[in-house]
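Please look at the chain shown here and follow its strands and helices as you read.

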Amino acid sequence: MPALVEKIISYMEELAPSSIALPGDQVGLQLGNPGAEVKKILVALDPDQAAVEEAEAIGAEMILTHHPLFYNKLSAVNEKLPEGALVAAAIRNNLHIFSAHTNYDIAPQGISYQLAKTLGLPAEEAKVLEVTGSEKLLKLVVFIPAGYEDSVRNALAEAGAGQIGDYSHCTFQLSGTGTFMPGEGSSPFIGAQGQLEKVDEIRLETILPANRQRMVLKALMEAHPYEEVAYDLYSLAREGKSFGLGLSLSLERPISLDQLIQRCRSMLNPSSLRCWTPGNNVFSRVAVCGGSGGSLIEHALRQGAEVLISGDFGYHDLKYAQSRGLALVDAGHDATEWPGVVYLQQYISKRLQADSYKTEVFLQTSVSTGWRQ
Ligand SMILES: [Zn+2]
């Protein structure tokens, strides 16, 4: 069975929740119907004419992009203007267009993380350059008949609950007595209709990131033996991991400017590459930001970075970095974001396969960067 547009949206919400996008950014379903079926998806950097044409050529009903279709509010669909022609063509082709922009820039597995990984840098250990928010946490308390607590705990952990730093399966459990009386129409796992039952139960507590709520509750319902599961969810004032723009990475073995440039050329295949260095050409702290990283120069300096790899650096960015002794490598906006686009295609494919949907996911081939996997 093909997946619905809303299923793809739910996968994207788990990867890059729209709630973490920067204010005013137009993310989410740009065009289309959440209830429609999708047999083919095209993943692209930009929702442009080339992407619409390629989607049409391969018969894709949905385009998933990083950059949004509507940067600004659209007041008219005038086909004499490129924006209007694009929207009209997408509607005529029954295309659904979904974009994850700054929310995917900011997501822990997002654009900068994929860039760092592609460049062979230790992305797992990275620190965020500019913090824009932090993960909301929930506490889950569930009551489980004694003897079933381990299977429920494992299911919750696999769905993303109980993770504290490098520790998984973090829970607390207490024994007690649960009571219930099965009503008419019930088929109780323990006890009989109309009789008060007293059962040895475990109260199991754990925490989870709010964006894992749906998956964790689904896993709970599948693993718990009761027909009706008694559980509570609490919002926590305590916040989880910080997230934001760009990453700063500390290297065990310093890397030279030549090595960095070589990696950028071979892994990103940029259409152009510029760099500036203050003279120190060996770096042990590297900052990365896919897309436009000029606004992160100050943050990179504050975190002790010696070089910042990004795109779209302007003259004043260069002058500022020069004055502070920070090396800059500009591998281009699109080339530094492309690894994140490649990951989107892999991620959505994997999620669809795991849920047995008959929906294929294609990576755009008509890109101008020349970057290929
Ligand atoms: Zn961008």
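The questions and answers below concern sheets, helices and domains.

Reader: How are the residues numbered, and what kind of model is this?

Author: Residues are counted from 1 along each chain as its sequence is written. Local features need pLDDT of at least 70, side-chain atom pairs count only at pLDDT 80 or more, and totals for chains, interfaces and linings use all residues, for this is a predicted model.

Reader: What is the strand order of the open sheet of five strands?

Author: Strands (E, at least two residues) and helices (H or I, at least four residues) are DSSP runs, numbered from the N terminus. Two strands pair if DSSP finds at least two bridges between them. The pairing in this open sheet is mixed, and its order is 2-6-5-4-15.

Reader: Why is one side of strand 2 and of strand 15 left without a neighbour in the sheet?

Author: Strand 2 (28-31) and strand 15 (360-363) are at the edges of the sheet. One side of each lacks a neighbour because each has a single partner strand.

Reader: Which residue is the bridge partner of Met-62 in strand 6?

Author: Strand 5 (residues 62-65) and strand 6 (residues 96-99) run parallel and are joined by four bridges. In strand 6, the partner of Met-62 is His-96.

Reader: What angle does the direction of helix 1 make with that of strand 6?

Author: Helix 1 (residues 5-15) packs on this sheet, where it touches strand 2, strand 4 (40-44), strand 5 and strand 6. Contact means that the C-beta atoms of two residues, placed from the backbone, lie within 7 Å. Axes are lines fitted to C-alpha atoms, for helices over the stretch in contact, and angles run from 0 to 180 degrees between N-to-C directions. For helix 1 and strand 6 the angle is about 10 degrees.

Reader: Which helix gives the most to the side of domain 1 that touches domain 2?

Author: Domain bounds come from an automatic or database domain assignment, and domain 1 covers 3-104 + 336-363, while domain 2 covers 111-132 + 244-334. Their contact takes nine residues from domain 1 and 14 residues from domain 2. With six residues, the helix that gives the most on the side of domain 1 is helix 11 (residues 333-354).

Reader: Which strands are the edge strands of the open sheet of eight strands?

Author: This sheet has mixed pairing and the order 8-9-7-10-12-13-14-11. Each edge strand pairs on one side only, and these are strand 8 (172-180) and strand 11 (274-276).
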